[in-house]
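Me: I am new to reading protein models and would like to go through one slowly. Could you answer some questions about the structure shown below?

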Amino acid sequence: MKGVLLVNLGSPDSPTAKDVKPYLDEFLMDERVIDVPKLLRNILVRGIILQTRPKKSAEAYSKIWWEEGSPLIVLSERFTDKLREQTKLPVALGMRYGSMTIKNALQELKNKGVVEVLLVPLYPHYAMSSYETVVVKALEVKDAFFPELKITTLPAFYKNTDYIRVLSDSIKEGLKDFEYDHILFSYHGIPERHIRKSDPTKFHCKIDGSCCHTNSVAHHTCYRHQCYKMTELVRTQMNLPEDKVSVSFQSRLPNDPWLKPYTDFEFERFPKEGKKKLAVVTPAFVADCLETLEEIAMEGKHQFMEAGGEAYKHIPCLNDNDAWVSLMAQWIDSWEKDGVLPHY
Ligand SMILES: C=CC1=C(C)c2cc3[nH]c(cc4nc(cc5[nH]c(cc1n2)c(C)c5CCC(=O)O)C(CCC(=O)O)=C4C)c(C)c3C=C
Ligand SMILES: [Fe+2]
Ligand SMILES: [Fe+2]
């Protein structure tokens with residue numbers, strides 16, 4: 001029997017420093033997230049970051065936490081529940097970090113008689129710190145506990161025509177009744193070094209402004225290329241002029257150079273350039289989370305308005321959008337019946 005494993009990032013169990021600390025420990029000790037030798041990672045994460053960050057993060061989480069729990073988890077559960085209504089295959093939801101483990105989710109599928117699993121990392125783009133770490137972890141868990149399972153992975157769907165249509169329609173819906181002069185596509189950032197590390201050619205990605213727009217096999221694993229490509233496809237689908245839309249990268253940690261331009265710098269710059277009515281979309285995330293609800297919808301609005309902005313709107317992520325659920329059900333159906341995964 002076939003089954004589906006959905007995996008997103010995960011959240012702490014509660015918005016308290018006590019629960020945020022072990023969650024951040026697991027997250028930041030991942031060698032694909034803080035990619036330095038283990039000893040240095042230990043010093044950096046446990047000796048420095050975890051001394052202060054849990055308290056700060058817990059405060060941020062408290063601002064967006066819902067009665068039912070973390071928005072990321074609740075929204076992922078709602079998506080999963082709706083998906084179950086549209087497919088007869090067993091569907092389990094797991095998280096890369098935290099207490100909703102991939103192991104438990106695979107056990108749930110196994111208990112239902114599943115032997116063949118479609119693994120769906122809930123990220124539209126490939127990054128070693130998101131998509132890749134989910135795949136590696138799922139395969140590690142399978143090898144250690146469920147060697148009899150066969151796992152097939154859904155490719156990153158950032159340029160899938162149907163996904164672009166569903167995403168564009170939902171952005172259009174979010175823009176209804178909002179008069180804007182600019183739309184910012186704010187993607188989660190990653191360190192520039194990760195782009196070079198993920199380049200299989202080892203020479204293509206120079207982050208020089210042109211590599212991401214020049215054809216290369218490197219684009220299969222180039223997060224930056226995939227963000228720009230997705231933006232261009234959505235812009236075209238929405239019939240928007242080039243100068244109405246731009247890209248930026250949010251949520252960086254200090255010290256390393258991360259992908260630029262930085263979202264918070266753009267919030268400062270736009271009003272001075274006459275872009276005073278801003279819509280922000282966050283298409284690196286399929287579900288709203290700390291990074292969209294606190295950093296963009298709350299903090300971002302504050303920064304933009306303080307810098308002279310006049311109107312600001314964060315457009316919600318797809319969350320449990322019906323067309324998105326149906327599209328995922330369609331992909332699952334095609335994999336179940338013909339073994340075919342979405343193509344572009
Ligand atoms: C879009 C996918 C994501 C990538 C790529 C990514 C890379 C990345 N993230 C950090 C550090 C943090 N991220 C945090 C939260 C967070 N990150 C993502 C997604 C990606 N991260 C999501 C969905 C969330 C929200 C989780 C939630 O519970 O809502 C956090 C925790 C919060 C905080 O303290 O700010 C950290 C830390 C790094 C270092 C990184 C790549 C190297
Ligand atoms: Fe992150
Ligand atoms: Fe690139």
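Me: Is Arg53 buried, partly exposed or exposed?

Reply: Before the answer, please note that this is a predicted model, in which local features need pLDDT of at least 70 and side-chain atom pairs count only at pLDDT 80 or more, while totals for chains, interfaces and linings use all residues. Residues are numbered from 1 along each chain as its sequence is written, chains are lettered from A and ligands numbered from 1 in the order in which they are written, and side-chain values use heavy atoms, with hydrogens and water left out. Buried means under 20% relative accessible area and exposed means over 50%, with partly exposed in between (1.4 Å probe, protein chains only). Because its relative accessibility is 32%, Arg53 counts as partly exposed.

Me: In which helix does Arg53 lie, and which residues is Arg53 in contact with, leaving aside its neighbours within four places in sequence?

Reply: Helices (H or I, at least four residues) and strands (E, at least two) are DSSP runs, numbered from the N terminus, and Arg53 lies in helix 2. Contact means heavy atoms within 4.5 Å. Leaving aside neighbours within four places in sequence, Arg53 is in contact with Leu24 and Leu253.

Me: How many residues surround ligand 1, and what classes do they belong to?

Reply: A residue is near a molecule or strand if one of its heavy atoms lies within 4 Å of it, and 25 residues surround ligand 1, the closest being Ser11, Arg53, Ser57, Tyr61 and Leu290. In the classes used here, Ala, Val, Leu, Ile, Met, Phe, Trp, Tyr, Cys and Pro count as nonpolar, Asp, Glu, Lys and Arg as charged, and the others, Gly among them, as polar. By class, the shell around ligand 1 has 16 nonpolar, seven polar and two charged residues.

Me: How much of the area that ligand 1 exposes when taken alone is buried by the protein?

Reply: A polar side-chain atom of Ser57 lies 2.4 Å from an oxygen atom of ligand 1, and a backbone N or O atom of Leu290 lies 2.9 Å from an oxygen atom of ligand 1. Accessible areas come from the Shrake-Rupley method with a 1.4 Å probe, and for residues, only the protein chains shown count as cover. Taken alone, ligand 1 exposes 810 Å², of which the protein buries 97%.

Me: Which residue makes a polar contact with the side chain of Thr133 through its own side chain?

Reply: Thr133 lies in helix 5 (residues 128-145) and is buried, with a relative accessible area of 2%. A polar contact is a pair of N or O atoms within 3.5 Å; within protein, one must be able to donate a hydrogen and the other to accept it, and residues adjacent in sequence count only if both atoms are side-chain atoms. At 3.0 Å, the side chain that makes a polar contact with that of Thr133 belongs to Arg96.

Me: What is the largest C-alpha distance within the annotated "binding site"?

Reply: The UniProt annotation "binding site", from an unreviewed entry, covers His188 and Glu291. Although these positions are spread over 104 residues of sequence, they cluster in space, with a largest C-alpha distance of 8.0 Å.

Me: Where do His188 and Glu291 lie?

Reply: His188, which is partly exposed with a relative accessible area of 24%, lies in strand 5 (residues 182-188). Glu291, which touches His188 among other residues, is found in helix 10 (residues 290-293).

Definitions and conventions:
UniProt positions are given in the numbering used here, feature names are shortened, and annotations may be inferred rather than shown by experiment.
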